[in-house]
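Biologist: I am new to reading protein models. Could you walk me through one?

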Amino acid sequence: MPANAQRLNSPADEREVFLQDMLTALSGRPKQTSPKYFYDEVGSRLFDRICELPEYYPTRTERRILEQHGAEMARALGPRVMLVEPGSGSSTKVPLILKHLREPAAYVPMEICLEHMVANLGPLEAAFPQLEILPVAADFTRPFSLPTPRLRARRRVVFFPGSTLGNFTPDEARQLLRTLRRVVGHGGAVLLGVDLQKPSEVLIPAYDDAQGVTAAFNLNLLERANRELGADFNIGNFSHRAVWNADAGRIEMHLVSRCPQAVHLAGETFHFATDEAIITEYSHKYTQPALQSLAAETGFALHRTWEDEKGWFSLQYWVAVD
Ligand code: AVI
């Protein structure tokens with residue numbers, strides 16, 4: 001573990017939290033799991049493949065916006081910024097901002113798994129040799145604190161691309177944004193990548209692709225529970241489904257039971273009826289007025305936005321209000 005890295009949770013804690021969350025999820029009505037559990041090694045690799053799919057427009061659309069407007073975004077953030085990236089993964093988007101920033105104070109990538117994050121930082125270190133990189137291993141959905149960089153930061157900015165915010169329920173999204181508001185403090189800001197509402201003919205295939213990669217990604221959650229928790233899900237007895245819930249403005253991913261069956265986990269038995277679903281993910285698609293209200297409710301003011309020509313995806317720069 002590098003000397004400048006912070007680890008906040010041990011792997012044993014993480015397994016226990018996963019187990020407790022799965023037990024609660026399977027006891028619920030409806031059964032509903034947290035999408036954060038998709039991302040073990042297998043799931044992370046499948047997600048990387050999703051991002052390359054012809055139907056999955058968000059990654060490439062956001063990337064194009066960052067390529068086109070990264071310099072303007074960096075100007076809006078200003079000099080000596082400490083840039084914090086929750087769920088940074090392989091830190092592939094942040095260079096599009098970093099390369100334009102004046103004298104960045106530090107980059108703080110955050111991931112649950114420290115090893116995976118640190119193993120992926122090589123290209124960034126090579127591209128930005130002067131930049132202080134301070135990795136933090138933490139679940140950003142729980143309160144967290146930040147390391148102190150060598151250079152005094154003039155502003156803390158949370159960079160949260162990839163429309164990850166959409167995977168939270170409206171309440172969770174508000175709570176997370178309020179946590180981020182506390183973390184960035186006075187004069188701070190967030191730069192968010194959010195997916196916008198569009199016809200369901202575009203949305204559904206993006207979450208139910210022809211090659212079945214998204215189906216494999218969804219089903220891997222059950223395989224992960226088998227591998228790590230000793231559950232006995234029969235994977236062939238579940239199928240992937242993507243639904244557009246127009247009232248709630250979200251795509252929902254479900255795992256649907258193909259037959260009546262029982263699943264065992266940690267000595268408990270969970271029954272499924274035919275067609276009963278586990279809700280595994282919400283992916284909210286926003287409208288501009290909804291984003292404006294969300295900013296106001298969580299202590300921010302919408303300062304600037306950048307979108308693609310079709311208006312499918314938006315980068316939002318929100319500044320903290322006191
Ligand atoms: C990570 N997150 C923003 C993705 C999304 O689009 O909601 C996860 C995903 N689920 C299925 N495909 C991609």
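Modeller: We will look at the ligand and then at one helix.

Modeller: This is a predicted model, where local features need pLDDT of at least 70, side-chain atom pairs count only at pLDDT 80 or more, and totals for chains, interfaces and linings use all residues. Residues are numbered from 1 along each chain as its sequence is written, and side-chain values use heavy atoms, with hydrogens and water left out.

Biologist: What lies 2.6 Å from a nitrogen atom of the ligand?

Modeller: Look for polar contacts, meaning pairs of N or O atoms within 3.5 Å. A polar side-chain atom of Glu 281 is 2.6 Å from a ligand nitrogen, and one of Asn 167 is 2.8 Å from a ligand nitrogen.

Biologist: Now the helix. Which residues of helix H10 are buried?

Modeller: Helices are DSSP runs (H or I, at least four residues), numbered from the N terminus. Buried means under 20% relative accessible area and exposed over 50%, with partly exposed in between (1.4 Å probe, protein chains only). In H10, residues 288-297, the buried ones are Leu 291, Leu 294 and Ala 295. They sit on the same side of H10 because they cover an arc of only 100 degrees around the axis, taken from the directions from the helix axis to the C-beta atoms.

Biologist: What is on the other side of H10?

Modeller: Pro 289 and Ala 296 are exposed there.

Definitions and conventions
Polar contact = N/O pair within 3.5 Å; in protein donor to acceptor, adjacent residues only side chain to side chain. Helix = DSSP H or I, 4+ residues; strand = E, 2+ residues; numbered from the N terminus.
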